[in-house]
Amino acid sequence: MENPIPPQLVQALLKQKYHVVGRHSGVKRCKWLNEALVHDRHCYKQKFYGIKSHQCVQMTPSLFYCTQQCVFCWRAQNGDLQIGWDEMQLPDWDSVESIVQGSLHAQERILSGYKGNSKTDWRKLREAHAPRHVAISLTGEPTLYEPLGDLIRAFHKRGFTTFLVTNGTRPSKLAELGEEPTQLYVSVCAPNEEVYRRVCRPQVSDAWTKLNQTLDFLPSFKCPTVIRTTLVKGLNMDNVDGYARLVEKAAPTYVEAKAYMHVGFSNLRLGYERMPEHREVLAFASSLAEKTGYKVLDECTDSRVVLLSKRESAVRFGSG
Ligand code: SF4
Ligand code: SF4
């Protein structure tokens, strides 16, 4: 099948420092990789779970495709910048091995820029050349990539941990993954169907029902599971009771309540004032904790994120 992606879209992504891998995958330097290498700071996932920011590859096998068009999303969506394409017209998929190798190669290209930077932490840069973690979360819906389980398995075989983020609209695909990720995230950014339609703008039929099916069988996963809620001021921060019902049903290991960040292509859709402050995220999370029996386990003010769990401490995957 011919790749229907407009060249202007690829240009726009390259301008935003995306590395396009093959026909439909991508890698982007996470802000926290840079912070770790140059400023000795790290992301909240290092704080919460021990994932080292400087050894993390942020990638997606679904750069141009998604089943939702969330208003807060940082990815380029059909219609942004007057560029149009069909986000659900899926391509012939690249092989797992070409995506793994292409992603690691892109990460090497990203790291090569640090050799000439006098502020680089050389020990960390050495370690960064041997990445240990893959965040399958950059943009798009990864469960659209047919051999997703094989992709996860291929990273595991190389000794990587994997965090997979899905929007939950493909429950049958998740159910047949074959290989579970190290940690599974399901984005839940609405307390009910009405808000879901407005904020997440599904592009597939029965998406709310499908998301609920995913939440129904989330307890069957052996890996730690997370409900991640991106909070947008004035759009989806009310009705904590609605969120509590979804959390109770899915019984995730964690809930991450996180502020919308005014970055990437979301700037075309939402104003800066839509970002809640950390204290507002904490108030939301605390109220959710009260209603669900979870407790506030950790928080990170830089990223405006609060971690809830019923555990005493989070499962850690590294020594950081
Ligand atoms: S875990 Fe996420 S936030 Fe942290 S470095 Fe990797 S991509 Fe960035
Ligand atoms: S599901 Fe994820 S990638 Fe898709 S539009 Fe929403 S935030 Fe963006």
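1. The crossing of H4 and H6 is right-handed; that label goes to a near helix turned clockwise from the far one by less than a right angle, with anticlockwise being left-handed. H4 covers residues 96–112 and H6 residues 148–157, and they pack at an angle of about 50° with their axes 9 Å apart. The axes are lines fitted to C-alpha atoms, for helices over the stretch in contact, and angles run from 0 to 180 degrees between N-to-C directions. H4 and H6 are therefore oblique to each other; under 35 degrees would be roughly parallel, over 145 roughly antiparallel, 65 to 115 roughly perpendicular, and the rest is oblique. Helices (H or I, at least four residues) and strands (E, at least two) are DSSP runs numbered from the N terminus.

2. A word on provenance. This is a predicted model, where local features need pLDDT of at least 70 and side-chain atom pairs count only at pLDDT 80 or more, while totals for chains, interfaces and linings use all residues. Residues are numbered from 1 along each chain as its sequence is written, chains are lettered from A and ligands numbered from 1 in the order in which they are written, and side-chain values use heavy atoms, leaving out hydrogens and water.

3. Who touches whom between H4 and H6? From H4 come Val-96, Ile-99 and Val-100, and they meet Asp-150, Leu-151, Ala-154 and Phe-155 of H6 (contact means heavy atoms within 4.5 Å). By class, this contact of H4 with H6 has six nonpolar residues, no polar ones and one charged. Here Ala, Val, Leu, Ile, Met, Phe, Trp, Tyr, Cys and Pro count as nonpolar, Asp, Glu, Lys and Arg as charged, and the others, Gly among them, as polar.

4. Now for H10 (residues 240–250) and H11 (residues 278–292): their axes come within 9 Å and cross at roughly 55°. H10 and H11 are therefore oblique to each other, and H10 passes H11 in a right-handed crossing. On the H10 side, the contact includes Tyr-243 and Val-247; on the H11 side, Phe-284 and Leu-288 are among the residues involved. The contact of H10 with H11 has six nonpolar, two polar and three charged residues.

5. H10 has other neighbours too. Its buried residues, including Gly-242 and Leu-246, pack against helix H9 (207–217), strand S7 (225–231), strand S8 (254–259) and H11. Buried means under 20% relative accessible area, exposed over 50%, and partly exposed in between (1.4 Å probe, protein chains only). Just after H10, Ala-251 takes a positive phi of about 45°.

6. Have a look at Ile-5, in the segment before helix H1 (7–15). Ile-5 is buried, at 11% relative accessible area. Not counting residues up to four places away in sequence, Ile-5 touches Val-10, Phe-64, Tyr-65 and Trp-85.

7. Gln-82 sits in the loop between strand S3 (56–60) and H4 and is exposed, at 77% relative accessible area. Arg-304 has a positive phi near 55°, in the loop between strand S9 (295–300) and strand S10 (305–309).
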